[in-house]
Amino acid sequence: MKKTFLKRFLTLGLIAALVVSSAAACSKSDKNTSDNNGSSGTTDAPADKPDTWIADRTITIQAYVDDIGNSLPKDLNNTEVMKEITKRTGIKLNIQYTPGDSDSSVMAAQLASGTVPDVIVSYLNDSTRPEFPILLKAAREGMFADVSGYLKDTKVYSRYLEDDYLPNDTKKNITFRDEFDGAAYILQFSIDSEDRSLQYNPEDAYVGGLYIQKSIVDALGIDPYKVNTQEQFYDLLVKIKNGGFKDDNGNAVYPLGPKYWGGSSDTLEYITPGYNWGVSDGYNITDDGTIKHEIDTDYVYEKINYVRKLLAEGLMNPEFFTMDSTRAEEVSKSHNSAIMADVHNYQEIIYGSDDWTPLGPLNDFTGNNSKVVHGKSGYGAFAISADAKNPEEILKFFDYLSTPEGQMLSEYGVEGVSYNMVDGKPVLTDEALAKLNEGDKDYLVNKIGAGFGGAGFAFFDYVLTNLDRLNNFGESRPGAGSSTTFARSVEIAKDYPRTLKLVPGLDATAYLSADSLADVKAQMSLLNYKDMLVQAIYANSDEEVKKIVESFREQLKQAGNDTFIEYIGKLYKDDKESIDFYTK
Amino acid sequence: MAAGTVIKEQQVHTKRSLGKRLLKFWPLYLMLVPCIIYYILICYIPMGGVVLAFKDYSFRKGIWGSPWVGFRYFKTFFTSFDFLRLLRNTLTVGFIKCILEFPFAIILALLLNEVRNMKFKKISQTITYLPHFLSTVIIVTMLQRILAPNTGVVNQIIGKLGGDSGTFFLMDAKYFFRLLFSMDLWRNIGWDSIIYLAAISGVDLSLYEAASIDGCSKLKKMWHITLPGIRGTIGLLFIMGVGGLLSSGFEQIYLLRTPGNMSVADTLDTFVVRIGLMNGQFGYATAVGLVQGVVGLVLVVVCNKLSKKFTEVSLW
């Protein structure tokens with residue numbers, strides 16, 4: 001009897017404990033939620049508010065940008081920059097970041113849950129980015145606030161209403177789509193105040209693509225700038241192989257190694273530009289006006305066979321397309337790759353020493369090695385939740401950040417603390433410059449919390465627009481004028497200038513988001529042309545290559561390629577600048 | 001006498017109505033409540049989400065408010081050029097994992113059961129269990145390094161033996177299933193054998209004694225006593241395993257995929273993630289997932305029926 005009573009007593013105790021702990025867990029999460037919501041509301045402004053005052057509120061931002069997530073300060077609202085921003089505008093920030101397989105998949109999952117905090121910030125270079133269809137769906141379904149009515153009252157974003165200010169893609173496909181009927185839900189960041197896409201400025205130019213070890217250049221006595229054709233590139237690789245060069249560990253170098261950030265099929269852009277038919281995501285137009293995909297031309301075989309030859313002759317690292325980022329960094333740093341397939345002058349491996357020098361670039365299929373640019377462009381984007389209280393305050397906040405005052409604060413920090421004004425331009429203090437050169441994240445991110453051109457808290461470098469850094473600040477990024485860190489980067493850009501070529505228009509595949517092409521898009525999104533190329537490159541025989549290529553041709557056809565070509569054909573006929581086709 | 005009492009009590013219990021049993025054993029049933037709530041909340045309520053397979057999912061309107069599209073996604077999937085390839089790959093992976101690998105854990109358990117040196121037995125068990133606790137990411141990264149062309153251990157050994165050290169195992173479709181089989185077996189064999197070892201420990205020892213007296217060899221005892229003794233466990237696990245025939249498991253396949261082996265490494269699970277999470281086509285992904293689930297259920301039911309008919313072992 002006693003035993004039974006004890007059993008029952010214990011059982012009841014256990015159950016009670018379970019119920020209490022469950023209830024406690026639920027009530028805790030409720031409390032968190034209410035805290036967040038509660039802090040988003042607006043409260044009265046103090047009597048002595050400055051002209052820049054917006055509202056005493058906390059804006060909750062969900063960032064789908066890994067650079068922002070990876071550089072979040074430990075105590076965001078207590079950095080020098082945020083304290084100053086709060087003093088001037090009343091705004092505090094609560095920035096959230098959720099790591100995942102990719103930022104776009106995290107965004108898809110979170111938007112699908114139907115809840116958006118006050119604002120979301122996302123990558124969005126143009127409407128071909130994988131994030132765009134998700135953002136567009138959310139905008140169509142009314143998840144974002146229409147800010148078109150507030151734009152005219154802003155200091156900076158009002159420029160988005162000017163006729164020729166926004167890039168064509170931003171205007172037609174992202175912000176002011178016809179279907180939105182004048183409403184504006186998604187606003188892009190990083191729009192240059194003037195179109196300088198055809199101006200090459202070594203002070204802030206990114207020189208990307210192939211880089212070769214300088215010692216090998218010297219030993220072979222070649223001019224890396226004059227290696228421009230696919231044949232010259234092949235001959236150089238053969239020379240390197242026969243040269244018997246060794247890496248830091250005494251092993252033979254691979255003439256061609258993967259890109260610095262890890263193996264990828266994207267690198268074909270740099271190693272086989274002569275066999276890439278155009279820049280419109282595989283599509284282009286023939287001289288007689290026929291639109292085709294590259295798979296339906298001979299370029300596909302020329303490209304595959306060229307790389308197969310490099311692999312067969314041991315001229316490139318067999319893991320060129322698949323090596324993980326850690327190992328790719330390893331083989332680059334140990335000089336195991338005589339040539340890195342892709343890196344740029346603002347990567348430490350390049351500016352940190354004189355070991356590497358740019359190679360080429362190789363000519364494209366027209367026999368020209370100018371870099372194709374598409375005119376003005378944006379970089380990221382933001383959208384305000386339809387449920388956010390007073391969305392105009394949120395827009396005003398982003399607008400403030402992009403004013404000259406806001407940009408200075410965002411990029412350089414607080415005057416007298418991290419920079420001083422000299423001849424009307426900001427100059428980093430000695431301490432800030434030293435910390436920037438050392439890459440002291442604790443100072444740059446946690447103490448000051450400014451963007452520092454991407455070296456600090458990336459958010460404040462990322463969310464600006466109407467950019468004109470050289471005119472506004474006298475330098476392309478904080479410290480560039482006085483820092484020794486990037487001296488080599490600028491030197492490279494000066495010594496190896498790139499020519500630029502304007503090809504207006506969007507990649508053809510950007511138009512797959514049209515309503516009438518929904519089924520085609522669903523099928524086409526399952527196909528990956530570059531993956532097919534790599535698969536064919538590693539095929540065991542030429543017959544297998546043919547089989548893989550033919551199979552892809554058939555799959556593309558079945559996916560509705562003809563319907564798609566007909567659609568873009570009409571678009572292109574009406575407006576030659578709608579798609580970035582170009583011929584020899 | 002005691003045995004007779006137990007049997008009588010059991011008979012009484014089976015005759016009692018549910019209400020009476022609830023009253024008599026209420027503390028036990030009460031303890032079951034959190035478990036039932038857990039299954040309802042975590043397993044059954046989310047099942048309502050399969051309705052997405054028939055809807056054009058709207059972020060704003062949610063699952064129930066989104067408009068119906070009927071069988072559109074199923075039609076798209078069954079008529080897509082990828083359908084047969086995905087099905088073939090998924091079935092192959094399912095066959096490897098559920099059927100081909102199935103006997104190995106039993107064999108290991110039988111072998112471990114015969115080991116008389118307890119220290120050796122414990123060490124062997126620990127070594128075989130360990131891989132189960134390694135994350136798939138770590139295992140695949142190790143595999144990438146071990147199998148790397150020229151620099152990987154395997155290729156270096158091949159090179160030393162005079163072979164071609166440049167074989168890119170992960171880029172060649174013909175090695176994919178072999179690698180998957182080896183990796184999965186190495187990882188799970190020890191862990192899966194635990195349940196069989198537990199079942200073996202329940203086999204009546206007097207049967208072995210009797211067999212020894214009759215002059216049975218170890219192999220015969222294994223064949224005629226141990227295996228029949230754990231037949232029920234084997235049957236149950238097999239039936240449950242068959243349900244997973246159309247589920248290849250996402251993580252492992254996704255990490256092992258390269259453009260070179262894509263033709264065989266693209267399965268329904270990776271497809272669901274690709275179209276659902278990466279392309280945001282939640283309805284389509286749910287429809288494919290539903291097909292997997294329904295086929296799995298049918299397989300379990302059929303297998304259970306056949307097993308009940310021929311071996312008298314069944315889940316229900």
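Chain A has an average pLDDT of 88, and 92% of its residues score at least 70. Please keep in mind that this is a predicted model.

I start with confidence. Of the elements of chain A, helix α9(A), residues 230-242, has the highest mean pLDDT, 97. The lowest mean, 46, belongs to helix α1(A), residues 2-40. Over residues 18-41 of chain A, pLDDT stays under 50. For that stretch the model has 10 contacts beyond four places in sequence. Where pLDDT is low, the predicted coordinates should not be read in detail.

Next, a strand. Five of the six residues of β5(A), residues 208-213, are buried, and the strand is mostly covered. Which strands does β5(A) pair with? One is β9(A), residues 337-344, in the antiparallel sense, over four bridges. Within that pairing, G209(A) has V343(A) as its bridge partner. Another is β10(A), residues 356-358, which also runs antiparallel to β5(A) and is joined to it by three bridges. There, P358(A) of β10(A) stands opposite Y211(A).

Now a helix, α16(A), which spans residues 430-438. Its buried residues include A432(A), K435(A) and L436(A). Why do these three lie on the same side of α16(A)? Because they cover an arc of only 100 degrees around the axis. As background, an α-helix has 3.6 residues a turn, so residues three or four places apart point the same way. D430(A) and E438(A), on the other side of α16(A), are exposed.

The domain assignment gives domain 1 of chain B as 1-52 and domain 2 as 71-311. Between the C-alpha centres of these two domains of chain B there are 33 Å.

Last, where the chains meet. On chain B, 31 residues are in contact with 35 residues of chain A. Four elements of chain B give two or more residues to this side: α3(B) at 26-44, α16(B) at 262-265, α17(B) at 268-278 and α18(B) at 282-311. Of these, α3(B) gives the most, with four residues. Sorted by class, the side of chain B that touches chain A has 16 nonpolar, 13 polar and two charged residues.

Note on methods:
Residues numbered from 1 in each chain as written. Chains lettered and ligands numbered in written order. Predicted model: local features only at pLDDT ≥ 70, side-chain atom pairs only at ≥ 80, totals over all residues. Buried ≥ 20, exposed ≤ 12 C-beta atoms within 10 Å, placed from the backbone. Arc of directions from axis to C-beta. Domains from an automatic or database assignment. pLDDT = per-residue confidence, 0-100. Contact = placed C-beta atoms within 7 Å. Nonpolar A, V, L, I, M, F, W, Y, C, P; charged D, E, K, R; others polar. Pairing = 2+ DSSP bridges.
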